[in-house]
Amino acid sequence: MTTVRNVLDCGYGTASWAIEVAEAYPDCEVIGVDISPHMKPDDTPENFWPELDDINRRLAYDANYFDLVQSRMVGGGINASRWSTYLGDIKRVLKPGGWVQMVECYYMCQSDNGSITDSHPLRRWSSNYIRSLEGIKDPRAPQRLHTLVSTAGFVEIEHRMIPMPLCGWSNDPRERRIGEANQENIQQTLSNLAIFPFTRRLGMSIQDVRSLVASACVDAANPDLKAYFPIYVCIGKKPGP
Ligand SMILES: C[S@@+](CC[C@H](N)C(=O)[O-])C[C@H]1O[C@@H](n2cnc3c(N)ncnc32)[C@H](O)[C@@H]1O
């Protein structure tokens, strides 16, 4: 990509990424779209344009407009049946030669040393989470990003899985720092993601949800389990110059 003029951030959240891009590239127009703009700071750069919309609906932008579209950690809000049209829509609004960047977390906990079994509360949390969304969202979509991007007709696709350690268990100093920094966030995430679907979709009592979350948090913080959530990253280019 030579010159980047127009950027779209789908589900911008705290707008940290959008603001960073807007500040680093003052000549660039960064549009952010979110269904609930409550996390956006009041003070944002003039070249950041936050908009209110639902990305489950057709993206309300002209064809061939953006140089870059980012879609990061919005999978929990995308309807199961929307994924393929979402990628098609992103391709439509990108200029020929423009890029999409997708980042999603698959909330099925993993451990490469095989120490997490189905009876661990953290694994039960994961299985419940996946089950609670079935039929409405697609909790396995993160694993299919490459297929989705390729089926939509993007080219020069690159994809990889990055393990997100749930606590500071890694021997690698960088991964260890990420795990340590992530620990509190993970405890919050395990609670926030579970309450509504576990009670409403699985019929669990709030006491049972709290108890499972508390035990899952103990597992997540146990360095012996070496637990991580896989983060899938995929970039692709709309055919063109
Ligand atoms: C986990 S946050 C991620 C924020 C940001 N992309 C990041 O990576 O830091 C998910 C964001 O997506 C937004 N979101 C979820 N479903 C959405 C939808 N259907 N349409 C637009 N925004 C949505 C939420 O409101 C929230 O701000």
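This report walks through a predicted model, from its nonpolar core and helices to its ligand shell and some individual residues.

## The nonpolar core

Let's start inside. The largest nonpolar core holds 59 residues, and those touching the most other members are Leu8, Ala18, Val69, Val93, Val149, Ala220 and Ala227. Helix α2, spanning residues 83-93, gives the most to this core, with 5 residues. As background, nonpolar side chains in soluble globular proteins tend to be buried together.

Leu8 sits in strand β1 (residues 6-10), and it counts as buried because 28 other C-beta atoms lie within 10 Å. Beyond its neighbours within four places in sequence, Leu8 is in contact with Ile31, Val33, Tyr61, Phe66, Val69 and Val93; of these, Val69 and Val93 are also among the core members that touch the most others. Arg123, by contrast, is 115 residues from Leu8 in sequence and 35 Å from it in space, C-alpha to C-alpha. Ala227 has its own set of contacts, again setting aside neighbours within four places in sequence: Cys109, Ser111, Ile116, Leu122, Leu166, Asp219 and Ala220.

## Helix α2

Which residues of α2 are buried? They are Trp83, Tyr86, Leu87, Asp89, Ile90, Lys91 and Val93, a list that includes the charged residues Asp89 and Lys91. The cover over the buried residues of α2 includes strands β1, β4 (66-72) and β5 (94-105), along with helix α4 (145-151).

## Helix α5 and its bend

Helix α5 runs over residues 173-200, which makes 28 residues. From first C-alpha to last it reaches 41 Å, close to the 40 Å expected at 1.5 Å a residue. Where does α5 bend? The bend is at Gln183, and its angle is about 45°.

The buried residues of α5 are Gly179, Ile186, Leu190, Ala194, Pro197 and Phe198. Their packing partners are α3 (121-133), β6 (155-165) and α6 (206-220).

## Around the ligand

Eighteen is the count to keep in mind here: of the 18 residues around the ligand, Gly11, Gly13, Ile35, Arg72 and Gly77 come nearest. The elements giving two or more residues to this shell are helix α1 (16-24) and strand β2 (29-34). By class, the shell is made up of 8 nonpolar, 7 polar and 3 charged residues.

Why is Ala22 counted as buried? Because 23 other C-beta atoms lie within 10 Å, and the cut-off for a buried residue is 20 or more. Not counting residues up to four places away in sequence, Ala22 touches Cys28, Val30, Pro45, Asn47 and Phe48. Ala22 and Glu46 are 24 residues apart in sequence, with their C-alpha atoms 8.3 Å apart in space.

## Two residues with positive phi

Most residues other than glycine have a negative phi. Ala15 has a positive phi of about 65° although it is not a glycine. Ala15 lies in the loop between β1 and α1, and it counts as buried, with 22 C-beta neighbours inside 10 Å.

Asn64 also has a positive phi, of about 60°, and is not a glycine either. Its place is in the loop between β3 (48-52) and β4. Is Asn64 buried or partly exposed? Asn64 is partly exposed, with 14 other C-beta atoms within 10 Å.

## Two partly exposed residues

Ile157 belongs to strand β6 and counts as partly exposed, with 15 C-beta neighbours inside 10 Å. Leaving aside its neighbours within four places in sequence, Ile157 is in contact with His146, Val149, Ser150, Cys234 and Gly236. Ile157 and Lys237 are 80 residues apart in sequence, and their C-alpha atoms are 6.9 Å apart in space.

Pro37 is found in the loop between β2 and β3. With 14 C-beta neighbours inside 10 Å, Pro37 counts as partly exposed. Pro37 touches Pro50 and Leu52, not counting residues up to four places away in sequence. Ala80 is 43 residues from Pro37 in sequence and 23 Å from it in space, C-alpha to C-alpha.

Notes
Residues numbered from 1 in each chain as written. Predicted model: local features only at pLDDT ≥ 70, side-chain atom pairs only at ≥ 80, totals over all residues. Helix = DSSP H or I, 4+ residues; strand = E, 2+ residues; numbered from the N terminus. Expected span 1.5 Å × (residues − 1). Bend = angle between axes of the 7 residues up to and from the residue. Buried ≥ 20, exposed ≤ 12 C-beta atoms within 10 Å, placed from the backbone. Contact = placed C-beta atoms within 7 Å. Core = buried A, V, L, I, M, F, W, Y, C linked by C-beta atoms within 7 Å. Near = placed C-beta within 6 Å.
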